[in-house]
Amino acid sequence: MPPPRNSSRMVVPSLKLQDLIEEIRGAKTQAQEREVIQKECAHIRASFRDGDPLHRHRQLAKLLYVHMLGYPAHFGQMECLKLIASPRFIDKRVGYLGAMLLLDERQDAHLLITNSIKNDLTQGIQAVQGLALCTLSCMGSAEMCRDLASEVEKLLLDASPYVRKKAVLTAVHMIRKVPELSDIFLPVCAKLLHERHHGVLLGTITMITELCERSPAALKHFRKVVPHLVQIFRTLVMTGYSTEHSISGVSDPFLQVQILRLLRILGRNHEESSENMNDLLAQVATNTDTSRNAGSAVLFETVLTIMDIRSAAGLRVLAVNILGRFLLNSDKNIRYVALTSLLQLVQSDHSAVQRHRPTVVECLREPDASLSRRALELSLALVNGSNVRAMTQELQSFLESCPLDLRADCASGILLAAERFAPSKRWHIDTILRVLTTAGAHVRDDAVANLTQLIGGAQELHAYSVRRLYSALAEDISQQPLVQVAAWCIGEYGDLLLEGSCEETEPLPVEEEEVLALLERVLQSHMSLPATRGYALTALMKLSTRLRGDNNRIRQVVSIYGSCLDVELQQRAVEFNTLFRKYDYMRAAILEKMPLVERGGPQDEGAKESKEAAQVLEAAPVPTEPQTSKLLDLLDLLDSTSGDARQPRPLDPSPEGTLIHLLDLPCAPPAPAPIPNLKVFEREGLQLNLSFVRPPGTPALLLITVTASNTSEGDVTRFICQAAVPKSFQLQLQAPSGDTVPAQGGLPMTQLLHILNPNKAPLRLKLRLTYNHFGQSVQEVFEVNNLPVETWQ
């Protein structure tokens, strides 16, 4: 009899895969589940150590299930390699599945299966070739793709459609992973376009799309096959390849969508290709059934293609009308897609989108937050000079009932629209007051300053404004921006409030005691911010020169705040008390009405610079070299004019003052040193440079010329440059010279930025670039912190 085997070498019996699944699912607690899995993993490790070749695939299958539950299974990686190298198909199947789940580019072990995949690709067994191709397309690294590209290229023309389909998908992965392999797969694509097999044709269209997005040469090559693609699409729409790929009566919508995406890339910025596909797009846009999602998907992709190529004007209007019909669809997803698309088109096809304004406004009342937000963005984009009254009324109605997370955006949008398109100052004031009354806590920080500036500049509306604000303040003191503006206006024009001579409002008898009581109520309210109390205290002090009665009540209120815990209020109260006691004869002159201040201008010497800079900003042309020199001439004129009107300063009797005045004698100022240019961005041939000019007459103003050049082989289209600066600066962007940066060193695109820096603080600039290059949409956001010191000192 043969001697018994050593028990230590015997394989420990373990559960079958089905039994393991049942036991894990039967565990009542997570601790029981961990116990079952730990016990079974110990059996699997023992089996791997003992080297049981017949049952290795079963053990690995159980380990893969454990891995799918989230438990560690890295010790099975080498077993995957052994199974892939096995001649048995059952072992290869589990081994390749394990490789796709357990291996990736981060482990060096994945390179060990390259030779096994190469052998399996060349042995001619379809099932094994399919497994190898699936694994390669799932986890193939750049090194594996380079080593196996020639084998995949051969399989693209294999006799079996099954293998060809897998090979095409693997080629797509290789192109995405290693773009320089595009030249290998370029010649075979033309042959694959004549395929009748659905899977192979769909994969081929996807591969051509990837090639065109990554290679300008491929894009130029495949523009020749646009007529053939159009013919494929017509055949697909008329007859279809097979009924098994039809969904809801639409013939193969996945293939239709993929062909439309490819046509969109091929027709972009190319007149001839766009002309070839115009008739087809019109036919699809007119005849596609949208009662089901499949038809809506095809129609939406058609709309995107129409808007992205150089299509006829009538076709673009048809596309916008289709999106308008989408807004009436009961499906929320389709309505959201339509709103998003219309928002992208509102700049290029504003009049066509305007036709659907009532439907867009209706979408504001959607209970879905994402829909109402997108409808709000589109509604604000549709506001112009002709519809500002109607649109503002609709937006204000929406503001009263909109969710809290949309109030800030809605209020800011209404204020911006009113500032840009206000038909009259009174309408502008009424609009801002209604926004402050409805959502005062959600407006921007500069809303108070803007409204006070507006009221101060409209002398004929002072009485009207102070009465409106007084009435609003008497009804509600919780909206802090409204209270601040009302307090300022009552302090400045309180005498007009008491006169009651405003013809534009109903007679409103107001007594002095009522006005003072209202301001005292604001001061005592727990809802008032320290800044609001400061406005109210200043208003009371100003009323001391505008009211005809006794000022004892005002003096008592002011004296109370002389011991306030808030330092700002305490300082104001102490200064006001001093003004009452020691300088009462100067009080009327000091508390005169505020003169109209230039918006955003600092005081003293900076005010003059801001005024000149504002005039320059109003008259600044599009950035070109001759216009820049004219701009500098304009600044010189402004400087000389202001210099003639400047009052001489009183002489300082000190020796130091005498020396300073000697230095102030008229002399030719030295020419400022040129500021060096700065390269701030470079990617794939696109380069962005900044050049700087500081006009001598307004040193607080900096002119920055942004120059975008392109040395690559493909045009950069839809180029948009946006900039942001800290709040202490003022920024204005002029219109760019274009939105396309031509390839191969063509005429660069320029854009002029005006930055006003009254405090001469260190300049920080944040840029956001959005453009299309080689068929890809790119967005870059970066901060420029290395600006030359000469730009701000």
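Visitor: Angles over 145 degrees count as roughly antiparallel. At what angle do α22 and α23 pack in this model?

Guide: The model is a predicted one. In this model, helix α22 (residues 388–401) and helix α23 (residues 404–421) pack at about 160°, and their axes are 10 Å apart. α22 and α23 are therefore roughly antiparallel to each other.

Visitor: Is the crossing left-handed or right-handed?

Guide: α22 passes α23 in a left-handed crossing.

Visitor: Which residues meet there?

Guide: From α22 the contact takes V388, T392, L395, Q396, F398, L399 and E400. Facing them in α23 are L406, R407, C410, A411, I414, A417 and F421.

Visitor: How do those split into nonpolar, polar and charged?

Guide: The contact of α22 with α23 has 10 nonpolar residues, 2 polar and 2 charged.

Visitor: What about α1 and α3, how are they set against each other?

Guide: Helix α1 (residues 17–26) packs on helix α3 (residues 56–68) at an angle of about 25°, and the axes lie 10 Å apart. Angles under 35 degrees count as roughly parallel, and α1 and α3 are therefore roughly parallel to each other. α1 passes α3 in a right-handed crossing.

Visitor: Which side chains or backbones are we talking about, by residue?

Guide: By residue, L17, L20, I21, I24 and R25 of α1 touch A61, K62, Y65 and V66 of α3. Of the residues in this contact of α1 with α3, 7 are nonpolar, none is polar and 2 are charged.

Visitor: What lines the largest cavity?

Guide: R694, P699, A700, L701, L702, I755, N757, K760, L763, T791 and W792. That lining of the largest cavity divides into 7 nonpolar, 2 polar and 2 charged residues.

Visitor: How many residues line the second largest pocket, and which lie nearest its centre?

Guide: Its lining has 36 residues, with Q344, L345, R718, I720 and N772 nearest the centre.

Visitor: Which elements give two or more residues to that lining?

Guide: The helices are α16 (293–308), α17 (313–326) and α18 (332–345), and the strands are β4 (716–724), β7 (765–773) and β8 (776–784).

Visitor: Where does the largest share come from?

Guide: α18 supplies the largest share of the lining of the second largest pocket, 6 residues.

Visitor: And its classes, how many of each?

Guide: The lining of the second largest pocket has 13 nonpolar, 14 polar and 9 charged residues.

Definitions and conventions: Residues are numbered from 1 along each chain as its sequence is written. This is a predicted model: local features need pLDDT of at least 70, side-chain atom pairs count only at pLDDT 80 or more; totals for chains, interfaces and linings use all residues. Side-chain values use heavy atoms; hydrogens and water are left out. Axes are lines fitted to C-alpha atoms, for helices over the stretch in contact, and angles run from 0 to 180 degrees between N-to-C directions. Helices (H or I, at least four residues) and strands (E, at least two) are DSSP runs, numbered from the N terminus. Angles under 35 degrees count as roughly parallel, over 145 as roughly antiparallel, 65 to 115 as roughly perpendicular and the rest as oblique. A crossing is left-handed if the near helix is turned anticlockwise from the far one by less than a right angle, and right-handed if clockwise. Contact means heavy atoms within 4.5 Å. Ala, Val, Leu, Ile, Met, Phe, Trp, Tyr, Cys and Pro count as nonpolar, Asp, Glu, Lys and Arg as charged, and the others, Gly among them, as polar. On a 1 Å grid over the protein atoms alone, a cavity is a set of points where a 1.4 Å probe fits but cannot get out, and a pocket is an open set with protein on both sides within 12 Å along at least five of seven lines; lining residues have an atom within 4 Å of a point.
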